[in-house]
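Reader: I'm new to reading protein models. Could you walk me through this one, strand by strand and core by core?

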Amino acid sequence: MRMFSLLPLLVVGLFGAGCSANDTRPLPRPPSVDVPRFMGDWYVIAHIPSWPEREAFDAVESYAPRPDGRIQTTFTYRKGSFDAPVKSMHPIGRVEKEGNGAVWGMQFIWPIQAEYIIAWLDDGYTQTIVARSKRDYVWYMARTPQVSEADYQRAEQRIAAMGYDVSKLRRVPQSVRGAR
């Protein structure tokens with residue numbers, strides 16, 4: 001009996017938590033994203049994590065084009081420590097018609113597709129910030145497992161300017177060996 005009384009709280013916790021943000025401004029995004037150039041490995045430097053990522057170590061997001069035009073995504077990480085076994089998720093991305101390559105849909109479970117906006121990308125395609133309009137999750141990623149403290153601080157400022165509560169930002173521990 002008690003389990004049924006907790007179910008509504010669980011549903012609100014999973015789906016409603018991200019709906020509390022008051023910022024409704026559109027997220028920034030680059031004028032265009034060269035999607036083929038964006039492919040490859042991105043180390044997650046910091047994030048406001050989704051549930052599975054809360055204790056991620058050595059988190060790497062990898063993108064590869066599929067023959068059907070969609071994007072095969074592989075997210076690898078270790079849960080809780082550098083010594084934990086490697087786990088992975090395999091969502092499928094789709095570049096939306098709007099957004100010049102910066103707006104994607106990411107499907108973890110059919111038919112639900114999550115918003116995925118490349119909100120910032122440096123000119124060299126070496127660092128990026130991926131965000132969501134709900135301001136519930138955000139990912140600061142780089143092509144290398146470490147960034148300078150100055151780069152990190154600038155990314156944190158960009159994330160705050162987008163309307164995120166950066167006190168929720170978690171730096172992802174990255175080792176030399178990675179989650180591969």
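Reader: Which residues of S9 point the other way from Val-138, Tyr-140 and Ala-142?

Author: Keep in mind that this is a predicted model. In a regular strand, side chains alternate between the two faces of the sheet. Val-138, Tyr-140 and Ala-142 take one side of S9, and the other side goes to Trp-139 and Met-141.

Reader: Why is S9 largely enclosed by the rest of the structure?

Author: Buried here means under 20% relative accessible area. S9 is largely enclosed because the number of its five residues that are buried is five.

Reader: Which strands pair with S9, and in what sense?

Author: S1 pairs with S9 through five bridges, and Ile-48 has Val-138 as its bridge partner. Strand S8 (residues 127-131) is also joined to S9 by five bridges, with Gln-127 opposite Ala-142. So that's S1 and S8, both antiparallel to S9.

Reader: In the hairpin of S8 and S9, which residue takes a positive phi?

Author: Six residues sit between the two strands of that hairpin. The one with a positive phi, near 60 degrees, is Arg-135.

Reader: Which residues touch the most other members of the largest nonpolar core?

Author: That core has 23 residues, and S9 is among the elements giving it two or more, as are helix H2 (35-38) and strand S1 (40-48). Trp-104, for example, contacts residues including Phe-38, Tyr-63, Tyr-116 and Ile-118. The residues touching the most other members are Phe-38, Tyr-63, Trp-104, Tyr-116, Ile-118 and Met-141.

How values were computed:
Residues are numbered from 1 along each chain as its sequence is written. This is a predicted model: local features need pLDDT of at least 70, side-chain atom pairs count only at pLDDT 80 or more; totals for chains, interfaces and linings use all residues. Side-chain values use heavy atoms; hydrogens and water are left out. A nonpolar core is a set of buried Ala, Val, Leu, Ile, Met, Phe, Trp, Tyr and Cys residues joined through side-chain atoms within 4.5 Å. Buried means under 20% relative accessible area, exposed over 50%, partly exposed in between (1.4 Å probe, protein chains only). Helices (H or I, at least four residues) and strands (E, at least two) are DSSP runs, numbered from the N terminus. Contact means heavy atoms within 4.5 Å. Two strands pair if DSSP finds at least two bridges between them. Lists of a residue's contacts leave out its neighbours within four places in sequence.
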